[in-house]
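This report describes the helical packing and some backbone details of the chain shown below. Please read it alongside the sequence and the structure.

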Amino acid sequence: MELILKLNDWRLSKNFSYRDLAKKLGAGHATMVRRWCLPHDHVDHKKPSTQYMKIIMLATDGAVSANDFYN
């Protein structure tokens, strides 16, 4: 069975801070990544753009996919 991880789960499994993950993804600021890692029902949750979703899939070797950002 394939393990599906959310971005925050993946971040924690790699012991990355939000800043570390932002650097790895080429994101402008750690706050942007933190918002991507929040639960879907959190008021500050944001979905990454299509461009960043592709980067996330590549950076996580497919462990996190675009579908993980939708309920």
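## Helix H2 and its buried face

In H2 the residues Leu21, Ala22 and Leu25 are buried, where buried means under 20% relative accessible area, exposed over 50% and partly exposed in between, with a 1.4 Å probe and protein chains only. Viewed down the axis of H2, these buried residues fall within an arc of 105°, so they line one face of the helix; the arc is that of the directions from the helix axis to the C-beta atoms. On the face of H2 turned away from the buried side lie the exposed residues Arg19 and Lys23.

The buried residues of H2 pack against H1, H3 and H4, contact being defined as heavy atoms within 4.5 Å. Helices (H or I, at least four residues) and strands (E, at least two) are DSSP runs, numbered from the N terminus. H2 is followed by glycine 26, whose phi is positive, near 75°.

## Basis of the model and confidence

This is a predicted model, in which local features need pLDDT of at least 70 and side-chain atom pairs count only at pLDDT 80 or more, while totals for chains, interfaces and linings use all residues. Residues are numbered from 1 along each chain as its sequence is written, and side-chain values use heavy atoms, with hydrogens and water left out.

The average pLDDT of the chain is 91, and 92% of the residues score at least 70; pLDDT is the predictor's confidence in each residue, from 0 to 100. Confidence is lowest in helix H1 (residues 7–13), at a mean of 95, and highest in helix H2 (residues 18–25), at 97.

## Packing of H2 against H3

H2 and H3 pack at an angle of about 100°, with their axes 8 Å apart. The axes are lines fitted to C-alpha atoms, for helices over the stretch in contact, and angles run from 0 to 180 degrees between N-to-C directions. The two helices H2 and H3 are therefore roughly perpendicular to each other, given that angles under 35 degrees count as roughly parallel, over 145 as roughly antiparallel, 65 to 115 as roughly perpendicular and the rest as oblique.

In this pairing, Tyr18, Arg19, Leu21, Ala22 and Leu25 of H2 meet Ala30, Val33, Arg34, Trp36 and Cys37 of H3. Not counting residues up to four places away in sequence, valine 33 touches Tyr18, Leu21, Ala22 and Ala27.

Tyr52, Met53 and Ile56 are buried in H4. They cover an arc of only 105° around the axis, which puts them on the same side of H4. The face of H4 turned away from that buried side carries the exposed residues Thr50, Gln51, Lys54 and Leu58, whereas the buried residues of H4 pack against H1, H2 and H3.

The largest nonpolar core has 14 residues, of which Leu7, Leu21, Val33, Trp36, Ile56 and Phe69 touch the most other members. H1, H2, helix H3 (30–37) and H4 each supply at least two residues of this core. Such a core is a set of buried Ala, Val, Leu, Ile, Met, Phe, Trp, Tyr and Cys residues joined through side-chain atoms within 4.5 Å.

## Positive phi outside glycine

Asparagine 15, in the loop between H1 and H2, has a positive phi of about 55° although it is not a glycine. With a relative accessibility of 69%, asparagine 15 counts as exposed.

Aspartate 61, in the segment after helix H4 (50–59), likewise has a positive phi, near 50°, in a residue other than glycine. At 74% relative accessibility, aspartate 61 counts as exposed.
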